[in-house]
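Me: I would like to go through this structure step by step. Could you please show it to me?

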Amino acid sequence: MIEVKDLTFTYKDEKKPALQNISLTVPDGGFLGVIGPAGAGKTTLIRAVSGMIPHLFPGDFYGSVSVNGLDTFETSLPEISRLVGTVFQDVDSQIISPMVEDELLYGLENFGIPREEIPVRMEEALRKVGIADLRDRTIGSLSGGQRQKVAIASIVALRPQVLLLDEPTGELDPQSSRQVFSLLKELNEEQGTTVIVIEQKIMLLCEFSAQLAVLNQGRIAWQGDTRSVLLHAEELLALGVNCPRVTTLSRILSARLGEEQPVCTRPEEAEAMIRRLIR
Ligand SMILES: Nc1ncnc2c1ncn2[C@@H]1O[C@H](COP(=O)(O)OP(=O)(O)OP(=O)(O)O)[C@@H](O)[C@H]1O
Ligand SMILES: [Mg+2]
């Protein structure tokens, strides 16, 4: 379980806190989507859960963060990294090897994964992310989207109990973005991996995340199960967070009919709702 309790964090030499009085809980095997405008504190939240704050980013830290019972303030970064895998917003700052295969190998060897298991883990991760064909390529020859997939594969290969991803589809086309989210769902459902993902593609977030947290100016504007957060569509829009079109559609239909209809997050649900209404 991830427990953030009343966390306020100000980066060293900054005046304004990047996060202010943040409290949230993600149960084991939970799937939390995080959204919010630029500068809202999304990356800072991921840094806090991964232990990079306070261990790599100094500053004023109040409150507490614990991951599977480990207090991140008191636990060393290598120890936290055994539990928590993080895919950075800037993947180029994450990738350290010149070759794709070496990038995966580096993490697996560092984690002391038994020699015979390494090829199995590597092949599985590359296949799941859909880049088996890139294994022998140099990093320099890859597109931004391909590098993003390498960064994801190198973390997935480590099979962390908690997976944090900071805009993992920023460089990806819609089809690859969906593939990444399907993989997260598979890890979440089949291996019980706890997932926190920051994502701007609201449609994907709403379809795949059980819980949503909306950040704005360092604070949590809304959090809860995805449908209940989407009820605040108009206020979200005022923050620059668009709701999926199906959600807007279900709200409009609901208002026109003067009846409370459930909030739809998937096209199939909206279709079923329209069929019910015109029957
Ligand atoms: N290393 C740092 N040192 C000082 N201030 C920082 C640092 N990183 C972020 N900040 C500040 O903290 C606040 C929150 O930034 P953060 O990067 O967490 O936002 P974000 O929601 O991830 O934004 P984006 O959507 O642009 O990625 C911003 O005011 C930013 O300028
Ligand atoms: Mg960010």
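Me: Which atom of Gly-39 lies 2.8 Å from an oxygen atom of ligand 1?
Reply: Please note that the model is a predicted one. In this model, a backbone N or O atom of Gly-39 is found 2.8 Å from an oxygen atom of ligand 1.

Me: And what about Gln-89, how far is its polar side-chain atom from an oxygen atom of the ligand?
Reply: The distance is 2.9 Å, between a polar side-chain atom of Gln-89 and an oxygen atom of ligand 1. Arg-47 also has a polar side-chain atom by the ligand, 3.2 Å from a nitrogen atom of ligand 1.

Me: How much of the ligand does the protein bury?
Reply: The protein buries 64% of the 630 Å² that ligand 1 exposes when taken alone.

Me: How many residues surround it, then?
Reply: Ligand 1 is surrounded by 15 residues, and the closest are Gly-39, Lys-42, Thr-43, Thr-44 and Gln-89. Sorted by class, the shell holds six nonpolar, five polar and four charged residues.

Me: Which helix gives the most to that shell?
Reply: That is helix α1, residues 42–50, which contributes four residues to the shell around ligand 1.

Me: Let us turn to helix packing. How are two packed helices described?
Reply: One gives the angle between their axes and the distance between the axes.

Me: At what angle do α4 and α6 pack?
Reply: Helix α4 (residues 100–110) packs against helix α6 (residues 144–156) at about 30°, and their axes are 8 Å apart. Angles under 35 degrees count as roughly parallel, and α4 and α6 are therefore roughly parallel to each other.

Me: Is their crossing left-handed or right-handed?
Reply: The crossing in which α4 passes α6 is right-handed.

Me: What are the angle and the distance for α11 and α12?
Reply: Helix α11 (residues 245–257) and helix α12 (residues 267–278) pack at about 20°, with axes 9 Å apart. This angle makes α11 roughly parallel to α12. The crossing of α11 and α12 is left-handed.

Me: Now the backbone. Which residues does a cis peptide bond join?
Reply: The cis peptide bond joins Ile-53 and Pro-54, with omega at about 10°. Pro-54 belongs to helix α2, residues 52–55.

Me: Which residue has a positive phi although it is not a glycine?
Reply: Arg-159 does, with a phi of about 45°.

Me: Where does Arg-159 lie?
Reply: Arg-159 is in the loop between α6 and β7 (162–166).

Technical notes:
Residues are numbered from 1 along each chain as its sequence is written. Chains are lettered from A and ligands numbered from 1 in the order in which they are written. This is a predicted model: local features need pLDDT of at least 70, side-chain atom pairs count only at pLDDT 80 or more; totals for chains, interfaces and linings use all residues. Side-chain values use heavy atoms; hydrogens and water are left out. A residue is near a molecule or strand if one of its heavy atoms lies within 4 Å of it. A polar contact is a pair of N or O atoms within 3.5 Å; within protein, one must be able to donate a hydrogen and the other to accept it, and residues adjacent in sequence count only if both atoms are side-chain atoms. Accessible areas come from the Shrake-Rupley method with a 1.4 Å probe; for residues, only the protein chains shown count as cover. Helices (H or I, at least four residues) and strands (E, at least two) are DSSP runs, numbered from the N terminus. Ala, Val, Leu, Ile, Met, Phe, Trp, Tyr, Cys and Pro count as nonpolar, Asp, Glu, Lys and Arg as charged, and the others, Gly among them, as polar. Axes are lines fitted to C-alpha atoms, for helices over the stretch in contact, and angles run from 0 to 180 degrees between N-to-C directions. Angles under 35 degrees count as roughly parallel, over 145 as roughly antiparallel, 65 to 115 as roughly perpendicular and the rest as oblique. A crossing is left-handed if the near helix is turned anticlockwise from the far one by less than a right angle, and right-handed if clockwise.
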